[in-house]
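Please study the sequence and the structure before reading each solution.

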Amino acid sequence: MRGLCLILFLLFQSFVCTAEQAWVLVGHIDEGLKLEREDITNIYLKKAGARRYGVKVYDHKSIDLRTSFYEEYLRLSMVELRAYWAKQVFTGGGRPPSSMNTNELIERLNAERNAIGYLPADQAGELPIILR
């Protein structure tokens with residue numbers, strides 16, 4: 001019984017560790033710009049005041065990766081996120097960030113300055129990592 005509990009504990013631990021490292025926020029931004037959690041939340045949700053950063057954001061097409069990013073970092077479920085963007089679009093408050101696959105996102109982030117996006121942690125390559 002102890003052995004079974006130990007195995008289950010180790011399996012759960014490895015799952016938790018990989019979930020935390022599922023994505024990294026990458027992109028080229030001004031070196032003097034220090035982004036905190038609240039800043040990134042405001043930028044991604046295009047809230048009032050976020051334009052002052054001059055940062056363009058991109059979403060990933062992978063639903064799993066998007067869910068992981070929004071739930072872990074922005075603390076929003078996908079249901080809450082869809083409701084938020086539906087309201088924003090309906091009231092003219094904005095549109096959600098463009099979404100693209102990993103290769104398109106890497107290409108876009110390499111081509112644009114002051115742009116950020118999240119990628120699978122193992123595929124960030126040479127892009128500067130803003131947040132792990």
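**Exercise 1.** Determine how many aromatic pairs the structure holds, and classify the pair formed by Y44 and F69.

*Solution.* The structure holds 10 aromatic pairs. Rings of Phe, Tyr and Trp (its six-membered ring) pair if their centres lie within 6.5 Å; planes under 30 degrees apart count as stacked, over 60 as edge-to-face and the rest as tilted. For Y44 and F69, the centres are 5.0 Å apart and the planes make an angle of 55°, a tilted pair.

The model is predicted: local features need pLDDT of at least 70, side-chain atom pairs count only at pLDDT 80 or more, and totals for chains, interfaces and linings use all residues. Residues are numbered from 1 along each chain as its sequence is written, and side-chain values use heavy atoms, without hydrogens and water.

**Exercise 2.** Explain which parts of the chain the pair of Y44 and F69 ties together.

*Solution.* Helices (H or I, at least four residues) and strands (E, at least two) are DSSP runs, numbered from the N terminus. Y44 belongs to helix α2 (residues 37-44) and F69 to helix α3 (residues 63-74), so the pair joins parts 25 residues apart in sequence.

**Exercise 3.** State whether Y44 is buried or exposed, and classify its pair with Y118.

*Solution.* Buried means under 20% relative accessible area, exposed over 50%, partly exposed in between (1.4 Å probe, protein chains only). Y44 has 0% relative accessibility and is therefore buried. The ring centres of Y44 and Y118 are 6.0 Å apart with planes at 45°, so this pair is tilted. The pair links helix α2 with strand β4 (residues 115-120), 74 residues apart.
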